[in-house]
Amino acid sequence: MEGDIGGEVPCSSFAVDSALRVGTAGLIWGSCTGSLEATKLGLTGITRASFVAKSAGRYGIQWGLFATVLSFTRCGLQRYRGQHDWVNPVVAGAVAGTVIGASARNWKQAAGVSGLVCALYYAAEDAT
């Protein structure tokens, strides 16, 4: 979502693109961490493969959901407000963090951290 969105591409296209890209990254991350954790637990054979597959799927779905909510919210806010500024990614990050952190004990912390990370991302993106 570089620059002004304008209205030429639907927000759902951004959301699907983000879900596929970040969800794939989550699958890769889950495969790596799942394999490492399975080694620490001493799992072998089918048990290990099952553990790694579940870990990869869990990370892929969580990361994909976060990216979908973030992209869709950011795009929708930018279109609704008609402005490309720091507010859109911060609010979108807080919303996405709240959705992901809803099952956690401290969802407010997840929303705040996500908003902060998105603000830093926007600052880096805007500086280039």
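This passage walks through the fold, surface and selected residue pairs of a single chain.

The structure is a predicted model, so local features are taken only at pLDDT of at least 70 and side-chain atom pairs only at pLDDT 80 or more, whereas totals for chains, interfaces and linings use all residues. Residues are numbered from 1 along each chain as its sequence is written, and side-chain values rest on heavy atoms, with hydrogens and water left out.

On the fold, the chain has four helices and zero strands, giving the pattern α-α-α-α along the sequence. Both element types are DSSP runs numbered from the N terminus (helices: H or I, at least four residues; strands: E, at least two). Along the principal axes, the C-alpha atoms fill a box of roughly 55 × 30 × 25 Å. Contacts are counted when heavy atoms lie within 4.5 Å. Of the contacts in the chain with a separation of 6 or more, 62% come from residues 24 or more positions apart.

Next comes the surface. Of the 128 residues in the chain, 29% are buried; the classes used here are buried (under 20% relative accessible area), exposed (over 50%) and partly exposed (in between), with a 1.4 Å probe and protein chains only. The accessible surface totals about 7900 Å², and carbon and sulfur atoms own 66% of that. These areas come from the Shrake-Rupley method with a 1.4 Å probe, and for residues only the protein chains shown count as cover.

A nonpolar patch sits on this surface, made up of Leu 65, Val 91, Val 95, Val 99 and Ile 100, with about 320 Å² of accessible area together. Patch members need over 30% relative accessible area and no salt bridge; nonpolar side chains (Val, Leu, Ile, Met, Phe, Trp, Tyr) are joined within 5 Å, like charges within 9 Å. Helix α3 (residues 87–101) is the top contributor, supplying four residues to the patch.

As for charges, the chain carries 10 positive and 8 negative side chains, and the centres of the two sets are 17 Å apart. Lys and Arg count as positive, Asp and Glu as negative, with His and the chain ends not counted; each charge is placed at NZ of Lys, CZ of Arg, CG of Asp or CD of Glu.

Two salt bridges turn up, where a salt bridge is a side-chain nitrogen of Lys or Arg within 4 Å of a carboxyl oxygen of Asp or Glu. One pairs Asp 17 with Arg 21, whose closest N and O atoms are 2.9 Å apart. Both residues belong to helix α1 (residues 11–41) and are four residues apart, about one turn of the helix. Asp 17 is partly exposed at 34% relative accessibility, while Arg 21 is exposed at 60%. In the other, Arg 81 meets Asp 85 at 2.8 Å, N to O. Here Asp 85 is buried, since its relative accessibility is 17%, and Arg 81 is partly exposed at 30%.

Leu 20, in helix α1, is exposed because its relative accessible area is 58%. Tyr 121, in helix α4 (residues 107–127), is partly exposed with a relative accessible area of 47%. Tyr 121 and Gly 57 are 64 residues apart along the chain, and their C-alpha atoms are separated by 26 Å.
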